[in-house]
Amino acid sequence: DVRDEIHSGLSYFPQSLFQAVVQVYRNFDIALRDVYGPPAGDAPASPAFLRFGSWIGGDRDGHPGVTTEGTALAWQLQAQTVYEEYLRRLERLSDQLSLSARLCQPSAAFKASLDEDARVAERLFGGQPNPHPQEPYRRKLEIMQYRLRRNLELTGRNLATGTPHLEEPGYASVEAFLGDLGLIRDSLVSHGDAALAGGELHDLIQLVRTFGFHLTQLDVRQESTRHSRTV
């Protein structure tokens, strides 16, 4: 049925497409450096020029099984797929970015963001002492995972009940999530760890720029007779 078709289409993203997208951007950056030389100073990363689209769950032009509920299911499963990928990558980054504050000096903007996260940290750590007092990046990434899991939880509840939950998400927008990733990148660069910033963190930023919180643009197609009747 339509649910099976949606699941089948989405399965290609964690199996191969997420990694293929990362590799395309890396190959593109290598080609740019080969032709034009290394970027100067704080030149921005190459733009995220890939975009994905799908009709699965939205092709109601002659497919009686595609209903309004099926279309809602499609975009909720798309969001679930991309949240799960970001969480996997944040987990890996948390293992990598265990830098001690005794050995590096995070930027003022990064430290200010940790202070602003105090309310979220209180819910996450339950008033317990800071589990990573000397690892600011790991602490930030754990807070980011907590917020993103909140988005995933709300999406899962929508899927289970079919009713939107209008509660506050962990991240209200993909721009807020990108902002936190950018703070980590800029702070790493500021104390001489550009190589770390240019690794898996850079890959995740490019993925978020490409897929957002929606994964793909969903085409909603309707049989023309319905449009004619409406007009």
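Q: Why does Phe-49 count as partly exposed?
A: Phe-49 has 40% relative accessibility. Buried means under 20% relative accessible area, exposed over 50%, and partly exposed in between (1.4 Å probe, protein chains only). The value falls in between, so Phe-49 is partly exposed. Phe-49 is found in the loop between α2 (12-36) and β1 (53-54).

This is a predicted model: local features need pLDDT of at least 70, side-chain atom pairs count only at pLDDT 80 or more, and totals for chains, interfaces and linings use all residues. Residues are numbered from 1 along each chain as its sequence is written, and side-chain values use heavy atoms, without hydrogens and water.

Q: Why does Gly-182 count as buried?
A: Gly-182 has 9% relative accessibility. The cut-off for buried is under 20%, so Gly-182 is buried.

Q: Where is Gly-182 found?
A: Gly-182 is found in helix α7 (residues 174-190). A helix is a DSSP run of H or I with at least four residues, and a strand is a run of E with at least two, numbered from the N terminus.

Q: Which residues form a nonpolar patch on the surface?
A: They are Val-24, Phe-28, Leu-32, Val-35, Tyr-36 and Phe-49. Together they have about 580 Å² of accessible area, from the Shrake-Rupley method with a 1.4 Å probe. Nonpolar side chains are joined within 5 Å, like charges within 9 Å. Phe-49, at 40%, is over the 30% limit.

Technical notes
A salt bridge is a side-chain nitrogen of Lys or Arg within 4 Å of a carboxyl oxygen of Asp or Glu.
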